[in-house]
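Take a walk through this fold, from the overall picture down to single residues. Keep the sequence and the model side by side as you read.

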Amino acid sequence: MLEINEVFKSIQGEGYSCGVPTVFVRLSGCSLSCPFCDSKYASRSLEDPEYKVYESANSIKEFAEIVTSLAYKGSRPVKLIVFTGGEPLLNKNLDVLIPLVIYLCNVKGFQVDFETTLVDNIEDIVSRKITFMDRLEKIVESFVTFDNKVSLGSGLYLPKSWDKTTSKVELFNGDLVFSRERQPYVGVFVISPKFDLRSYQSKVTIDDILTYYVNGFDNRPERLSLLIPIARFKLLYNQELESVIIEFINRLKNFVPDRLVQELVQIMPLVDIDDYTDEKYKIACKQTAEFCIENSLSYSPRIHFDIWGYHKRKV
């Protein structure tokens with residue numbers, strides 16, 4: 001089941017699609033506890049979420065219609081849907097999230113992005129047994145693997161990774177109809193590694209975090225061909241994190257051509273929410289911009305902060 005904290009229409013406030021009209025779907029639940037999070041209310045499960053989406057064709061279609069109706073409200077339709085959180089790509093969400101997103105892309109024609117850390121569990125970082133690329137590769141495969149198609153009723157084609165149990169076949173039973181001509185998934189994973197150790201309750205080291213986000217490319221050049229078209233990094237900056245960000249960039253350059261770093265990585269100002277003032281945010285923006293200029297990195301504003309401040313929800 002997906003717990004939907006809120007659904008709203010606004011403009012994308014940050015990252016590569018900054019300024020683009022967007023419908024946001026905010027899911028509940030997150031493994032981290034970031035002191036600078038501007039949506040702490042979505043970090044834990046709710047007793048009474050705004051919507052619940054279940055692992056059934058009817059529930060998925062019903063919620064997709066809610067999103068579509070909001071996207072088409074106004075003189076021109078919105079074409080970008082962003083799943084955010086909380087952390088939308090928790091493992092517990094994927095059984096419902098994957099068919100929902102494919103339905104929104106393949107049937108409704110939207111682009112669907114994710115704002116994510118790609119962290120399901122802090123122990124994944126501590127153990128160093130998997131990297132963010134292991135998770136990304138598995139999720140993307142679930143979205144786009146259409147070889148060995150399984151036909152469930154008239155016109156329904158699902159990736160082979162879905163056909164694991166008879167109950168899964170019975171569950172959908174031809175009620176979700178997909179087009180063989182349209183892409184199953186179109187969108188971008190906007191990945192935001194958190195380098196502030198407070199986010200992890202001090203259970204990890206900086207090297208653990210860097211290893212999780214950069215070491216997934218060793219002797220795997222095909223992974224770069226997967227990453228570059230569909231992923232962007234958003235890094236939160238303050239002066240205390242400057243050396244870590246530079247180290248991340250330097251490690252990334254071992255695998256990614258230098259000319260692509262400006263396209264793949266954007267730097268945003270960080271201010272602790274509990275200590276937020278407009279003046280502190282203005283200073284953080286200036287310091288972040290100066291850091292980007294000095295290091296030839298791309299700067300991302302936070303338009304929703306600039307216009308509404310951090311207090312206002314659903315913007």
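The chain's secondary structure comes to eleven helices and eleven strands. Both are DSSP runs numbered from the N terminus: helices are H or I over at least four residues, strands are E over at least two. This is a predicted model, in which local features need pLDDT of at least 70 and side-chain atom pairs count only at pLDDT 80 or more, while totals for chains, interfaces and linings use all residues. Residues are numbered from 1 along each chain as its sequence is written, and side-chain values use heavy atoms, with hydrogens and water left out.

Start with the whole chain. Of its 315 residues, 55% count as buried. Buried means under 20% relative accessible area, exposed means over 50%, and partly exposed lies in between (1.4 Å probe, protein chains only). The chain exposes about 14,200 Å², and carbon and sulfur atoms supply 48% of that area. These areas come from the Shrake-Rupley method with a 1.4 Å probe; for residues, only the protein chains shown count as cover. Now look at contacts, meaning heavy atoms within 4.5 Å. Among those between residues at least 6 apart in sequence, 72% join residues at least 24 apart.

Next, the interior. A nonpolar core is a set of buried Ala, Val, Leu, Ile, Met, Phe, Trp, Tyr and Cys residues joined through side-chain atoms within 4.5 Å. The largest such core has 80 residues, of which F83, V112, F114, F132, F189, F248 and V265 touch the most other members. Helix α2 (residues 94-107) gives the most to this core, with ten residues. A second, separate core has eight residues, among them V271, I273, Y276 and A284.

Zoom in on F83. Residues up to four places away in sequence are not counted here. F83 touches V25, L27, P88, L97, L100, V101, L104, V112, D113, F114 and E115. E65 lies in helix α1 (residues 57-71). E65 counts as partly exposed, because its relative accessibility is 37%.

How do two helices pack? They are described by the angle between their axes and the distance between the axes. Take helix α6 (residues 206-214) and helix α8 (residues 242-253): their axes come within 10 Å and cross at roughly 35 degrees. Axes are lines fitted to C-alpha atoms, for helices over the stretch in contact, and angles run from 0 to 180 degrees between N-to-C directions. The α6 and α8 crossing is right-handed. That term applies if the near helix is turned clockwise from the far one by less than a right angle; anticlockwise gives left-handed. On the α6 side, the contact is made by I206, D207, L210, T211, Y213 and V214; α8 brings V244, E247, F248, R251 and L252. By class, seven are nonpolar, one is polar and three are charged. Here Ala, Val, Leu, Ile, Met, Phe, Trp, Tyr, Cys and Pro count as nonpolar, Asp, Glu, Lys and Arg as charged, and the others, Gly among them, as polar.

Now the backbone. The peptide bond from G85 to G86 is cis, with omega near 10 degrees. G86 sits in the loop between β4 (80-84) and α2. L118 is not a glycine, yet its phi is positive, near 60 degrees. Its place is the loop between β5 (111-116) and α3 (122-127). Is L118 buried or exposed? L118 counts as buried, because its relative accessibility is 0%.

S296, also not a glycine, has a positive phi of about 55 degrees. S296 lies in the loop between α10 (278-295) and β11 (298-299). S296 is partly exposed, with a relative accessible area of 45%. From S296 to Q262 is 34 residues in sequence and 7.5 Å in space, C-alpha to C-alpha.

Finish in helix α10, where Y281 lies. Y281 counts as buried, at 7% relative accessibility. Leaving aside neighbours within four places in sequence, Y281 contacts P269, V271, Y276, R302, F305 and D306.
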